Every structure is written in structure tokens, then in C-alpha cells.
Amino acid sequence: MGISKAIIVLVVVGAAAAQYKQQQSYGHAQSYVSVNQLSSVKHEYKHAPVYKQEPLYVKHEYKQPEYIQHEYKKPEPVYIKHEYKQPEPVYIKHEYKKPEPVYVQHEYKQPEYIKHEYKQPEPVYIKHEYKQPEPVYVHQEYKKPEPVYVQQEYKHEPEHYAHPKYAFKYGVHDSHTGDVKDQQEERDGDVVKGEYSLLQPDGRKRIVHYTADKHSGFNAVVSYSGHAAHPEGYKKAESAHY
């Protein structure tokens with residue numbers, strides 16, 4: 001495509017050059033005749049003929065461009081060995097200049113005193129509502145006291161007392177405090193028999209039958225009646241305690 005454009009440009013330029021050369025030769029000839037025959041011949045001036053160049057049409061045959069396949073060759077690596085040179089140290093000598101003192105003159109101003117007017121605060125009265133504290137029930141587990149044996153040296157002395165014999169019975173029933181208990185006992189000589197009962201905090205009734213004599217000592221049999229039921233106040237007190 002670039003070659004065809006170049007050919008068209010060369011043809012147009014050649015045609016224009018030929019026309020320009022023809023016009024130059026015709027002008028020289030006309031001027032020569034007019035000089036020689038100026039006194040005798042009256043020459044009528046005519047404009048030179050104008051030649052129009054007809055357009056030239058060049059038919060170019062299109063040729064498919066050929067594609068050249070280039071084989072890629074990987075360039076070989078180039079190794080450049082640089083020789084390291086230790087840079088020489090550069091020492092810069094700084095000349096010390098002592099800074100000049102700067103004196104700043106401050107203008108003293110007397111502080112202003114502000115007089116505050118004291119106002120007595122108004123009393124604030126807070127009304128507290130009294131709430132009756134809830135009762136706290138503390139459950140105490142009963143532990144049987146361990147018997148204490150005291151060894152005493154026995155001295156035989158003549159007896160000067162009467163034959164022991166008695167019997168008693170009592171009971172307590174307080175619904176406000178929950179203290180419910182009773183006991184009865186009887187003795188005849190060295191033999192003691194009795195029983196006592198009490199209402200525990202869990203609602204059960206504990207009954208104890210006991211006997212005591214000179215040969216077998218003290219013996220007790222414990223039994224319970226009823227079902228255990230902890231009150232609601234006891235649960236709250238237990239959760240608050242732990």
C-alpha cells in the first residue's frame with residue numbers, strides 16, 4: 001500500500017514539472033519577438049494557454065503481504081562482575097558556634113481577684129421507705145455429742161443415801177418460733193429409761209429412746225417420722241449464704 005502511494009506521487013510531480021517547463025519556454029520566445037519588432041509591429045498581448053493535466057489513474061494489483069515466521073531464540077544471560085571498592089570515609093569538620101543568649105522581657109500583670117458570692121445550699125430531704133426484713137432460716141445439722149469418759153478411782157465407802165426413784169414428763173409447743181419438743185424419763189435404782197422427741201427444721205419428727213444401767217451403760221435408739229420439706233425462706237437464706 002505504501003509503494004502504490006509513492007508511485008502516484010511521482011507521476012503527479014513529473015506531470016507538473018513538464019507543464020512548468022513548457023510555460024517557461026513559451027514566455028522566453030514571446031519576449032524575444034516583441035523586442036525585435038517593437039517599432040514596426042503592433043503586437044497584441046495574449047495570455048498563454050493554460051494546460052489542464054488530466055488525472056492519471058493507476059491500477060495497482062493488491063498482493064497479500066507475506067508473513068515471516070521468526071524463530072525465537074532465548075538470549076544467553078550476561079554476567080557482569082562488579083568489583084567492590086570500599087568508599088573512602090569523608091570527615092566533615094563542623095565549627096562550633098556558641099549561640100547568643102536571648103533575653104525575653106516579660107511584663108508583669110497583677111492578677112485579678114474575682115469575688116464569689118456564697119450561697120447557702122438548700123437542704124435536701126430524702127424520704128426512705130422502711131421495709132420489714134425477711135426472716136432468714138438457718139438449717140443446723142444436729143450432731144450427737146460424743147460421750148466423755150472420766151476415769152475416777154473408785155473408793156468403796158458405805159452408802160448413806162436412799163434408794164433413787166423418780167419419774168417426770170414435760171412438753172413444749174411454740175408455733176411462733178417452731179420449738180416443738182417433749183420428754184419423759186423414769187428411774188428405779190441404777191436403771192434409767194426414757195424418751196424424748198423434737199420437731200426438726202425440715203419438718204420431720206425425731207424420736208430417741210434411751211436406757212442406762214450399771215452393766216451396759218447408756219444406749220439410745222433414734223428414729224424419724226414424717227417427710228422432709230425445706231421452707232422457701234430456708235432456700236433463699238441458703239443461696240444467699242453460699
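Tutor: Let's begin with a definition: a residue is buried under 20% relative accessible area, exposed over 50%, and partly exposed in between. Keep in mind that this is a predicted model.

Student: Thanks! Is Phe168 buried, exposed or partly exposed?

Tutor: Start with its place, which is strand β1, residues 165–174. The relative accessibility of Phe168 is 36%. Since the range between 20% and 50% is the middle class, Phe168 counts as partly exposed.

Student: Moving to strand β2, what is the class of Gln184 by accessibility?

Tutor: Gln184 lies in strand β2, and Phe168 and Lys169 are among the residues it touches. Its relative accessible area is 33%. That value falls between the 20% and 50% cut-offs, so Gln184 is partly exposed.

Student: How far is Gln184 from Gly171 in space, C-alpha to C-alpha?

Tutor: In sequence, the two residues are 13 apart. In space, the C-alpha to C-alpha distance between Gln184 and Gly171 is 8.7 Å.

Student: Now for Glu185: which side chain of opposite charge is nearest?

Tutor: Glu185 is found in strand β2, residues 179–188, and is buried. A salt bridge needs a nitrogen and a carboxyl oxygen within 4 Å, and Glu185 has none. At 7.2 Å, the nearest side chain of opposite charge is that of Arg187.

Student: Which residue has a side chain joined to that of Glu185 by a polar contact?

Tutor: Leaving out residues up to four places away in sequence, Glu185 touches Tyr166, Ala167, Phe168, Val192, Lys193, Gly194 and Tyr210. A polar contact of 2.5 Å links its side chain to one of these, and the partner is Tyr210.

Student: Stepping back, in what order do the elements of the protein run?

Tutor: The secondary structure comes to two helices and five strands. Read from the N terminus on, the order is α-β-β-β-β-β-α.

Student: What percentage of the residues in the protein is buried?

Tutor: The protein exposes about 26300 Å², with 56% of that supplied by carbon and sulfur atoms. Glu185 is one of the buried residues. Out of the 242 residues in the protein, the buried share is 7%.

Technical notes: Residues are numbered from 1 along each chain as its sequence is written. This is a predicted model: local features need pLDDT of at least 70, side-chain atom pairs count only at pLDDT 80 or more; totals for chains, interfaces and linings use all residues. Side-chain values use heavy atoms; hydrogens and water are left out. Helices (H or I, at least four residues) and strands (E, at least two) are DSSP runs, numbered from the N terminus. Buried means under 20% relative accessible area, exposed over 50%, partly exposed in between (1.4 Å probe, protein chains only). Lys and Arg count as positive and Asp and Glu as negative; His and the chain ends are not counted. A polar contact is a pair of N or O atoms within 3.5 Å; within protein, one must be able to donate a hydrogen and the other to accept it, and residues adjacent in sequence count only if both atoms are side-chain atoms. Contact means heavy atoms within 4.5 Å. Accessible areas come from the Shrake-Rupley method with a 1.4 Å probe; for residues, only the protein chains shown count as cover.
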